[in-house]
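Here are a few exercises to work through with the model open beside you. Try each task before you read its solution.

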Amino acid sequence: MSAHAAIFSKLNGLAETGGVYPSYAPQSASKPYVTFDRISDVPIRYQLGSCGPAEAMYQINVVAVGASEAYTISEAIRTAMDGWQGATESGIQILRVSLTSERDTSTLFNGSQTETFEVQMDFKVFYTRTSTP
């Protein structure tokens with residue numbers, strides 16, 4: 001069990017995000033939307049083994065028609081996620097979330113004026129399991 005459900009719930013609760021999708025959005029999704037992926041998930045270990053807490057890295061992607069819309073949504077996500085702690089969902093307690101990096105990309109399709117602008121944010125998520133699956 002990972003922090004996936006808690007991350008989805010947090011993102012889905014933000015009015016600014018449009019649709020929220022794990023990993024990738026369906027082709028029919030209208031912009032803006034948000035996708036998120038777990039990049040890594042490592043239990044914190046000591047000499048005698050795992051101590052319970054884990055450290056995960058999540059990438060959250062904001063996809064919008066233009067930069068202004070993407071920045072507005074990414075700011076709402078940054079405000080909600082960076083420093084988030086204490087939530088419990090699906091047997092997971094969020095201990096602390098920290099923004100570690102941000103980057104922008106944009107794409108023009110076939111030279112047209114249809115632009116997709118994306119803000120990618122990486123968050124480090126410290127969590128612990130509050131119950132066993």
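**Exercise 1.** Leaving aside neighbours within four places in sequence, which residues is N61 in contact with?

*Solution.* Keep in mind that this is a predicted model. Start by finding N61 in strand β3, which covers residues 49–64. Next, skip its neighbours within four places in sequence; what's left in contact with N61 is Y33, V34, T35, D37, E118, V119 and Q120.

**Exercise 2.** Decide whether N61 is buried or exposed.

*Solution.* Take the relative accessibility, 5%. Buried means under 20%, so N61 counts as buried.

**Exercise 3.** Work out how helix α1 meets helix α2.

*Solution.* First, the axes: those of α1 (residues 4–12) and α2 (residues 67–81) come within 10 Å and cross at roughly 130°. That angle makes α1 oblique to α2. Then the hand: α1 passes α2 in a right-handed crossing. Now pick out who does the touching: I7, K10 and L11 from α1, with I77, A80 and M81 from α2. Sorted by class, that contact has five nonpolar residues, one charged and no polar ones.

How values were computed. Residues numbered from 1 in each chain as written. Predicted model: local features only at pLDDT ≥ 70, side-chain atom pairs only at ≥ 80, totals over all residues. Heavy atoms only, no water. Axes fitted to C-alpha atoms, helices over the stretch in contact; angles between N-to-C directions. Helix = DSSP H or I, 4+ residues; strand = E, 2+ residues; numbered from the N terminus. Parallel < 35°, antiparallel > 145°, perpendicular 65-115°, else oblique. Left-handed = near helix turned anticlockwise from the far one by under 90°. Contact = heavy atoms within 4.5 Å. Nonpolar A, V, L, I, M, F, W, Y, C, P; charged D, E, K, R; others polar. Buried < 20%, exposed > 50% of the residue type's maximum accessible area, 1.4 Å probe, protein only.
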